[in-house]
Amino acid sequence: MLAATEHEQVTQIRMSRYPEAQPGTRVSVYLVDGLLIDSGQAHTAEELTDFLKDREIRTVVNTHYHEDHISANVLLKERYGVELLAHPLAINRINQPATLYPYQEEVWGYPIPSQVKDIGDSVTTPHFHFEVIHTPGHCDDHICLFERKHGWLFSGDLFVGTRPNVARPEENQWQIIASLKKVKDLMPRALFPAPRGAKVVTDPVPVLEKTIRHLEDLGRRVTGLNDKGLSPVEIRQKIFGDEAPLAEFTQQQFSSENLVKSYLKTGKPRDVITTGA
Ligand SMILES: [Zn+2]
């Protein structure tokens, strides 16, 4: 399914392999002034490409290498000759996609390898200028795009809601907190998220502050319990109770235990906690 909504000059395109009633499997991509931010999953690549046939599209930016953000790249390049851009760390990963877990194959599908170029510091379209903001944490090649004049922040998978209770194994919550602070300091006036049915957020600064506070509180609890000698499973049980139902469906790729572990990674900037929101 595919559904489009307009927000100022930005078109939000929500897509899923399944009917709209299953919001957990939706991904949003955004079209603004010939620039497409993310290209979605393989199962909707054909539908998205057809939807764009009467619209202007010159450039596709992938916010990161995950398969639900890159999978119409090849089709869009073949059909419309678009330029493909991403962070340098994402280039090889998009060119050689990793093996997917069965749930990823079922929900998103396999991306065709595509050749993307280094995005550099900014992307300019006829009417707008988008700054590239490196925002690691969800993964290390993650970027957001910021249009300063309008205060638009395209946040990819950086913001997933104010109270996340699961994480992927590669996530680092301390980096996510630092990245959320970085984009909050830009004082965005609208936030355009990609994941699972998330809605466009108008007046996002208080929402980002609330999320940062929550993640920092959670970090204090996790590290405090870790300092007392509790294992990640024991910490998860104390804070979240039994494992989230999503964990079994995703072969433990999205789990509360991962969220706990993401606070315990070595090299974490613990001073993130003490510098305040
Ligand atoms: Zn992602």
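Select His138 and Asp157 to begin: in this predicted model, both residues are buried. The two are 19 residues apart and link distant parts of the chain, His138 lying in the loop between strand E9 (129-134) and strand E10 (143-147), and Asp157 in the loop between strand E11 (152-156) and helix H5 (173-184).

Now display the zinc ion, whose protein donors are His64 through NE2, His66 through ND1, His138 through NE2 and Asp157 through OD, at 2.1 to 2.2 Å. Along the chain these donors follow the spacing H-x1-H-x71-H-x18-D. If you check the angles among the four donor atoms, you will find values of 90 to 173°, and the site is irregular.

From Asp157, follow the loop onward to H5, a helix of 12 residues that reaches 16 Å from its first C-alpha to its last, close to the 16 Å expected at 1.5 Å a residue. At its N-terminal end, select Asn172, which caps H5 with a side-chain oxygen 2.9 Å from the backbone nitrogen of Trp174. Nine of the 12 residues of H5 are buried, so the helix is largely enclosed by the rest of the structure; among the buried ones are Trp174, Ile177, Leu180 and Val183.

Note on methods: Residues are numbered from 1 along each chain as its sequence is written. This is a predicted model: local features need pLDDT of at least 70, side-chain atom pairs count only at pLDDT 80 or more; totals for chains, interfaces and linings use all residues. Side-chain values use heavy atoms; hydrogens and water are left out. Donors are N, O and S atoms within 2.8 Å of the metal (3.2 Å for Na, K and Ca); water is not among the atoms, so sites may look incomplete. Four donors count as tetrahedral if all angles lie between 85 and 135 degrees; four count as square planar and six as octahedral if opposite donors are over 155 degrees apart and all others between 65 and 115; anything else is irregular. Helices (H or I, at least four residues) and strands (E, at least two) are DSSP runs, numbered from the N terminus. Buried means under 20% relative accessible area, exposed over 50%, partly exposed in between (1.4 Å probe, protein chains only). The expected span of a helix is 1.5 Å times one less than its number of residues. A polar contact is a pair of N or O atoms within 3.5 Å; within protein, one must be able to donate a hydrogen and the other to accept it, and residues adjacent in sequence count only if both atoms are side-chain atoms.
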